[in-house]
Amino acid sequence: MATKPPKGDPVQDAPQVTEPKHAAAGLLAIGHTLRIAQQQMGVKRTALTLLRVNQKDGFDCPGCAWPEPDHRHRAEFCENGAKAVAEEATLRRVTPEFFAAHSVADLAGRSGYWLGQQGRLTHPMYLPEGGDHYEPVTWERAFDIIAEEVNALGSPDEAVFYTSGRTSNEAAFLYQLFARELGTNNLPDCSNMCHESSGSALSETIGIGKGSVLLEDLYQADLIIVAGQNPGTNHPRMLSALEKAKANGARIISVNPLPEAGLERFKNPQTPQGLLQGAALTDLFLQIRIGGDQALFRLLNKLILDTDGAVDEEFVHAHTHGFEEFAQAARSAGWEETLRATGLTRKEIEETLAMVLASKRTVVCWAMGLTQHKHSVPTIREVVNFLLLRGNIGRPGAGVCPVRGHSNVQGDRTMGIFERPAPAFLDALEKEFGFAPPREHGLDVVRAIRALRDGDAKVFFAMGGNFVSASPDTEVTEAAMRRARLTVHVSTKLNRSHVVTGARALILPTLGRTERDLQIGPNGKSTAQFVTVEDSMGMVHASRGRLAPAGPHLRSEPAIVCGLARRVLGDDTVVPWEEFERDYAAIRDRIARVVPGFEDFNARVARPGGFALPHAPRDERRFPTATGRANFTAALVEYPELPEGRLLLQTLRSHDQYNTTIYGLDDRYRGITGGRRVVLVNPEDARALGTAEGAYVDLVSEWKDGVERRAPGFRVVVYPTARGCAAAYYPETNVLVPLDATADTSNTPASKSIVVRLEEHREDGAASRLEQSAAD
């Protein structure tokens with residue numbers, strides 16, 4: 001029942017399905033890595049490039065933000081990191097001739113996978129108003145077009161400046177500087193869609209919106225809880241850290257609606273033992289119902305309170321605030337409600353408690369499974385309560401560990417990419433550069449989409465990323481983008497956002513992490529530049545590309561921002577943009593004077609391995625919150641209520657993708673090959689809903705606004721998910737996420753708890769309801 005795609009675009013709704021795997025990495029990962037890399041780069045380029053990934057004198061992987069160990073393997077990369085490098089260092093090219101052969105309408109009918117496989121962009125391209133093909137344009141003309149539209153706005157707040165997490169520290173600092181000198185704080189970024197809930201909860205409770213652990217803490221932990229995260233696919237190098245922690249005596253609890261192969265067994269490809277047998281990682285698997293994590297940690301906190309000697313009373317007394325109110329709320333937790341919210345058994349929770357009480361040093365790691373619900377912020381606050389009770393913040397081998405995705409998403413926020421900047425940061429900018437930055441808060445991702453939809457924003461500029469595919473409520477987002485006067489995307493490769501355009505559109509090709517960055521100085525000589533990034537644990541290090549650029553017309557992100565700023569701001573600027581473009585060390589000197597923790601930046605980052613940013617809770621047990629202490633919090637326990645005959649859907653990645661970049665059509669660990677339009681359903685739920693393995697259904701989301709959102713033509717795959725829960729890949733299912741369904745406080749799209757019904761798919765577009773319960 002496969003839907004026929006355009007010529008050259010592979011079928012994605014007719015996969016082969018086998019049993020899920022129970023181990024990750026190993027020989028299969030090595031073979032798959034080399035095959036993909038050689039297809040994109042060739043044999044010689046593969047060897048030269050992969051051996052430079054994550055080395056102290058090499059380039060930072062453009063994939064995830066997992067930190068590098070001090071002692072590194074010669075092959076310090078994972079399968080998905082190698083895929084990310086291969087996609088960027090590919091020999092394939094998208095030239096002006098390609099755009100002449102493909103209209104925007106043609107490209108809009110292609111899949112994101114097909115678009116990404118065409119190769120690297122080589123020239124600035126322009127879609128004029130009323131045009132149907134992109135055409136080549138000079139950089140000078142591109143900047144003129146942007147200046148025309150920006151300077152015609154009624155207010156700088158009618159422009160939106162989005163940032164992807166691949167942007168370097170230097171480019172991010174310049175980008176926010178340009179936007180604020182222009183006069184707006186409209187700086188949404190990919191954090192708004194992923195870990196904003198973490199930042200909101202941690203800022204309130206411990207005073208800094210970042211994790212409190214380093215790699216060494218994982219190695220020293222007695223207990224590591226991995227909640228709402230799939231390291232085997234999303235952060236594969238984390239498996240090496242978990243393996244080392246296990247060897248040092250740590251125990252691991254996995255909390256997830258889906259069993260994940262990497263957390264079951266890790267076959268480390270760096271060691272003979274790993275290749276042959278591997279290491280079992282998880283000691284206890286809690287197959288929790290989607291959204292039940294707050295209820296689980298609340299009950300654990302009650303049980304800790306009820307256990308003599310379990311609370312670290314000295315720490316609580318000396319370093320925390322709000323304990324009594326929290327304790328009162330926690331003691332009201334009940335077994336019946338918790339078992340209903342979590343889907344767990346009493347025995348499983350009691351076993352968890354025993355492991356918690358036996359641990360003197362506990363780390364909790366989490367990712368999108370905790371951050372993308374309506375109640376995500378109170379959930380993460382409850383995790384902090386859990387750690388504070390036993391003094392597990394500011395102690396070696398213990399702490400909070402939100403695992404970031406994009407490679408420099410944490411660094412971008414540190415550099416000031418934030419729509420709600422701290423007054424102290426703006427004060428420092430004003431002192432350093434001599435202009436008054438705007439103080440009114442700007443637009444995050446969801447609010448930016450609303451502003452574009454309503455005509456309140458007219459220019460959209462994206463520094464990297466694939467905004468259209470990454471955002472919720474796809475039809476609303478695409479319609480909003482098409483209302484813009486101008487859309488601009490700084491990109492390395494083609495993606496869906498380039499074909500969902502405003503009246504005018506520009507694609508600006510940029511260097512990748514793998515490529516040499518040469519800037520011409522005042523003496524006419526070119527000098528090699530490097531950039532820096534901050535990983536998920538607050539380590540800052542240099543990144544130096546070595547490959548020749550994909551084409552002579554590419555510019556670096558810092559150079560693009562500097563050229564843009566000079567043209568848009570003209571004689572009104574007080575910032576030395578030309579100096580910054582020639583010499584990135586000059587940018588770092590300014591960062592050192594504006595951003596705390598970056599003092600003597602150039603000297604410190606020159607050291608192999610870089611340096612750690614200060615973290616007061618970790619380093620000093622000092623909590624820079626409003627109370628001056630770590631804050632216990634009390635909130636009502638929330639969890640999604642599921643109507644009869646419906647399923648709770650979470651969006652997730654396949655193993656062959658990174659965010660919206662699709663490397664291939666397989667999800668090897670889940671036993672799915674050759675397709676992406678699948679929905680994973682518990683076998684008992686499938687029977688109750690009257691559907692069967694291999695049936696084709698439409699996913700229809702239900703929300704309080706009464707609007708029907710439909711993702712058609714998904715193959716049902718019977719899978720061992722938690723009862724009442726289902727899963728499907730994004731970005732294909734982002735269409736189901738209502739724009740206004742967001743997390744309280746953080747405004748993050750609630751992509752992990754979507755109430756859906758299944759309808760039989762009809763190729764003629766009509767659909768009939770599946771047999772459902774009598775209550776339906």
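**Asking how we know: a predicted model**

Modeller: Welcome! The protein chain has 32 helices and 34 strands, and please keep in mind that the model is predicted.

Biologist: What makes the protein chain as compact as a globular protein of that length?

Modeller: The globule rule gives 28 Å for 776 residues, and the radius of gyration is 25 Å, close to that value, so the chain counts as compact in that sense. Along the principal axes, the C-alpha atoms fill a box of roughly 70 × 65 × 55 Å.

Biologist: Thanks! How many of the residues count as buried, and what does a residue need to be called that?

Modeller: Buried means under 20% relative accessible area. By that cut-off, 64% of the 776 residues count as buried. The chain still exposes about 27500 Å², of which carbon and sulfur atoms supply 51%.

Biologist: Why is strand S8 called mostly covered?

Modeller: Strand S8 covers residues 223-227, and five of its five residues are buried. Because buried means under 20% relative accessible area, each of the five falls below that limit. Leu223, Ile225 and Ala227 point one way from S8, while Ile224 and Val226 point the other way, and all are buried.

Biologist: How do you know that S8 pairs with S9 and S14, and which way do the strands run?

Modeller: Two strands pair if there are at least two bridges between them. Five bridges join S8 to strand S9 (residues 251-255), and five join S8 to strand S14 (residues 362-366), so both pairs meet the requirement. S8 and S9 run parallel, and so do S8 and S14. As for individual partners, Ala227 is bridged to Val255 in S9, and Ile225 to Val364 in S14.

Biologist: Happy with that. What makes S2 and S11 edge strands?

Modeller: Their sheet is open, with three strands in the order S2-S10-S11 and mixed pairing. Strand S2 (24-25) and strand S11 (279-280) each have a single partner strand, so one side of each is left without a neighbour in the sheet.

Biologist: One last stop: which residues of helix H12 are buried?

Modeller: In H12 (residues 238-247), the buried residues are Met238, Leu239, Ala241, Leu242, Glu243 and Ala245. Just after H12, Gly249 takes a positive phi of about 110°.

Methods:
Residues numbered from 1 in each chain as written. Predicted model: local features only at pLDDT ≥ 70, side-chain atom pairs only at ≥ 80, totals over all residues. Heavy atoms only, no water. Helix = DSSP H or I, 4+ residues; strand = E, 2+ residues; numbered from the N terminus. Rg over C-alpha atoms; globule rule 2.2 N^0.38 Å. Buried < 20%, exposed > 50% of the residue type's maximum accessible area, 1.4 Å probe, protein only. Areas by Shrake-Rupley, 256 points an atom, 1.4 Å probe, with all protein chains shown as cover.
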